[in-house]
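Open the model in your viewer and keep the selection tool ready. The stops below say what to select and what is there.

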Amino acid sequence: MKILITGTAGFIGYHLVEKLAGQGHEITGIDSINDYYDTGLKYARLENAGIDSGTADYGNAVKSTKFPGYSFVRMNLEDREGLLRIFEQEKFDRVCNLAAQAGVRYSLENPFAYIDSNISGFMNILEGCRRQGVGHCVFASSSSVYGMNRKMPFSTSDNVDHPVSLYAATKKSNELMAHAYSHLYGIPLTGLRFFTVYGPWGRPDMAYYKFSRAIVDGRPIDVYNRGDMMRDFTYIDDIVDGIGRIIDLVPSGNSSWSGEKPDPASSTAPYRVYNLGNNNPVSLMDFIRVIEKALGKEAVKNMLPMQPGDVQATCADIDDIVMEAGYNPSTTVEQGIPKFVEWFREYHGV
């Protein structure tokens, strides 16, 4: 198939390209390569996928030397004319929108970056899908949409109207925008709520990466809510496997859906939302101990109160995606963290 993947210089996007391009699909990748975190890491991901980052000028396609069917275009999703031109030229069978301004804490300081990328940018993706009749668009949502919810595990059938960060609010907005387009124009759209993704080539703003960097450097690590937190840590290979399964699972609409008792995860329209997690939450302190063991060094811990926009625990109810797509996350943190640490040491030369 011809597939557009946005965010291909990012963590999940890079790994998805490796999987789908390796299977022989024709991939067009888009990324703005913004400076939210170290652009050197983003360029290194591109280089590892065969893209000569030195030639990645804005708007010009660069062919991969590793995957014959993969081309990369540096572009902002907010560039409406440029993005719609790519849709018109390529006539994609599938779209996977992973590009977004990420990070809960950054949204407290730079709110407009989230509106520009996550709202305006996603609107342009939807318009491209509408104009060109794309067969299925899969888009990244987030576990952060559960906000103030306390019922565990988090279920896609739960109400998610109380976000605690602007980032979460934009992701919830994406789901609402997607449903409107699915309802109005019959576009198959599927949202995936990712739960704390980790692994090699990961994001340096994520806790496990910051912990590893600080421990190696001999600096204290900041442990929020004094360590009383649980996260449904999900290894990157499991995430990419789930995305690959969902790209092929085109929603057709739920004939038993009722407006009298509406299910937020489905619709009479070809629209669906799934959790993509591990369904096995780990305490933050246990997670830190696994990192310490993999690094062979104990962390000095700076115990701090909860940060604004954060939540105490996450846990994904994945029954629907297991039953409907055969999703089977199998990587424990005891298996996944050593793989990350191995990459981390090699990449940073430590």
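Predicted model: local features only at pLDDT ≥ 70, side-chain atom pairs only at ≥ 80, totals over all residues.

Residues are numbered from 1 along each chain as its sequence is written, and side-chain values use heavy atoms, without hydrogens and water.

Select residues 111-132, helix α5. Helices are DSSP runs of H or I with at least four residues, numbered from the N terminus. The 22 residues of α5 should span 32 Å at 1.5 Å a residue, and the end C-alpha atoms are 31 Å apart, which agrees; the expected span is 1.5 Å times one less than the number of residues. Glycine 133 follows α5 and has a positive phi, near 60 degrees.

Next, select residues 236-247, helix α8. Nine of the 12 residues in α8 are buried, among them Ile236, Asp238 and Gly242. Buried means under 20% relative accessible area (1.4 Å probe, protein chains only).

Now show the rings of tyrosine 146 and phenylalanine 154. Rings of Phe, Tyr and Trp (its six-membered ring) pair if their centres lie within 6.5 Å; planes under 30 degrees apart count as stacked, over 60 as edge-to-face and the rest as tilted. Here the centres are 4.5 Å apart and the planes are at 10 degrees, so the pair is stacked. Both tyrosine 146 and phenylalanine 154 are buried.

Last, select phenylalanine 340 and phenylalanine 344, whose centres are 5.7 Å apart with planes at 40 degrees, so the pair is tilted.

Note on methods
Helix = DSSP H or I, 4+ residues; strand = E, 2+ residues; numbered from the N terminus. Buried < 20%, exposed > 50% of the residue type's maximum accessible area, 1.4 Å probe, protein only.
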